[in-house]
Amino acid sequence: MEPIFLEPAFKDYIWGGNKLKTLFGKNSPYDITAESWEISTNKNGQSVIANGENKGKTLGELFENHELREAIFGTKTSELDKFPLLVKFIDANSNLSVQVHPDDKYAYEHENGEKGKTEMWYIMECKEGAQIICGIKESVRKEDLPQVLNSPNVAEYLNFVQVNQGDCIYIPSGTVHAIMGDTLICEVQQNSDLTYRVYDWGRVGKDGKPRELHVQKAIDVANVGSKPEIKETNNWQEGEHNMISSQYFKTDKITVCVEFNDCSNKDSFYAMNVVKGEGKIKVQDKEYNLKLGDSFIIPAKLGEYTLCGNMELLKSYL
Ligand code: ZN
């Protein structure tokens, strides 16, 4: 077995920039690229396998191959009807809309059996003083939500939090949030594309009209009284450390200075993203180059592997 490298699907949302091309060398077909869906089987954008015997297939096709399912994706995925994760790079040149995602229960009942969306952000780059929005201010009560989320001044009721490169932010479903401009983020989330948009900063879409809002659904699912959870990881030592451990996924950060030895896990694939630096991965007598912005999967039955060089990776798994 070998690591499975992936080519992403690109999105040209209006708030995007050009860093996915200029910093990561991605070959997006768009002038402005907002997102690359790096590890995705979502129907709205699939990753394509870039190496090995399955080269050219979508990741979804590989997941649907039940003979290979456990060997590649692990025993925890054998009963799943859908690949569980979606990992993206997000280049926010300007603010994303203020939005909220439903949980599994609401999505199942109101969105044709879809999954909800809990997510986490890892700040790969940001400008000095950059902020994000995470959660509603403590003074707002549940019964205030119709007035607050319909207000053109909704931002006044939200928590603005300053972030730095290396910060990790957990966004459970039901948390009103917005990624703000001048941030470059790796997002790990449940495999879902359900977003309820609350406020879009008064701007218009490509067709010159305001983008659709979904305020009533947002009122249904929004939580009040949650505090932003920010973890600073910048000074974490060499090696592997856990950032997020949720019921939907776990994400560790691996900091490689010279060499780091690891082994695959029969329970779950590892979704890997290079978020800083460059190096190599060695598996038995083969080696593969790794650079900033590369994404790959470590199959459950790969065995031992070594990461070497000077780099940081996110490792997400079940
Ligand atoms: Zn979101």
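**Entry 1. Between the two domains**

I looked for salt bridges between domain 1 and domain 2 and counted zero. By salt bridge I mean a side-chain nitrogen of Lys or Arg within 4 Å of a carboxyl oxygen of Asp or Glu. The model is predicted, so I note that local features need pLDDT of at least 70 and side-chain atom pairs count only at pLDDT 80 or more, while totals for chains, interfaces and linings use all residues. Residues are numbered from 1 along each chain as its sequence is written, and side-chain values use heavy atoms, with hydrogens and water left out.

I then counted polar contacts across the two domains and got 12 residue pairs, both residues at pLDDT 80 or more. A polar contact here is a pair of N or O atoms within 3.5 Å; within protein, one must be able to donate a hydrogen and the other to accept it, and residues adjacent in sequence count only if both atoms are side-chain atoms.

On the side of domain 1 that touches domain 2, I listed the elements giving two or more residues: β1 (4–7), β3 (35–39), α3 (69–73), β7 (85–92), β9 (119–126), β12 (167–171) and β14 (183–190). Helices (H or I, at least four residues) and strands (E, at least two) are DSSP runs, numbered from the N terminus. By class, this side of domain 1 has 22 nonpolar, seven polar and six charged residues. In that sorting, Ala, Val, Leu, Ile, Met, Phe, Trp, Tyr, Cys and Pro count as nonpolar, Asp, Glu, Lys and Arg as charged, and the others, Gly among them, as polar.

**Entry 2. Domain bounds and buried area**

I took the bounds from the domain assignment of the chain, which gives domain 1 as 4–229 and domain 2 as 239–317. Such bounds come from an automatic or database domain assignment. Taken over C-alpha atoms, the centres of the two domains are 22 Å apart. Domain 1 puts 35 residues into the contact and domain 2 puts in 35, where contact means heavy atoms within 4.5 Å.

I also looked up the buried area, which is about 2800 Å² between domain 1 and domain 2, with 70% of it on carbon and sulfur atoms. Buried area is the accessible area (1.4 Å probe) that two parts lose on being put together, summed over both.

**Entry 3. Salt bridges in the whole structure**

I found 21 salt bridges in the structure. One of them joins D182 and K127, with the closest N and O atoms 3.2 Å apart. D182 is in the loop between β13 (177–179) and β14, and K127 is in the loop between β9 and β10 (131–136), 55 residues apart. I noted D182 as partly exposed because its relative accessibility is 27%, and K127 as partly exposed at 46%. The cut-offs are under 20% relative accessible area for buried, over 50% for exposed, and partly exposed in between (1.4 Å probe, protein chains only).

R141 and E143 form another, with the closest N and O atoms 3.8 Å apart. R141 is partly exposed at 48%, whereas E143 is exposed at 56%.

I next checked D262 and K315, whose side chains meet in a salt bridge at 2.7 Å, N to O. D262 lies in strand β19 (residues 259–263) and K315 in strand β23 (residues 304–317), so this pair ties together parts 53 residues apart in sequence. D262 is buried at 15%, and K315 is buried at 2%. I also noted a network: salt bridges that share partners join E35, K88 and E187.

**Entry 4. Three single residues**

I placed T118 in the loop between α4 (104–110) and β9. T118 is buried because its relative accessibility is 2%. Its side chain reaches the backbone nitrogen of S173 at 3.0 Å. Leaving aside neighbours within four places in sequence, T118 is in contact with residues including Y170, V188, Y248 and F249.

I placed F10 in strand β2 (residues 9–11) and found F10 buried at 14%. With neighbours within four places left aside, the contacts of F10 are K26, N27, S28, P29, Y30, T33, E35 and S36. From F10 to G277, I read 267 residues in sequence and 23 Å in space, C-alpha to C-alpha.

I placed N54 in the loop between β6 (48–49) and α2 (59–63). N54 counts as buried at 13% relative accessibility. Not counting residues up to four places away in sequence, N54 touches I49 and L62.
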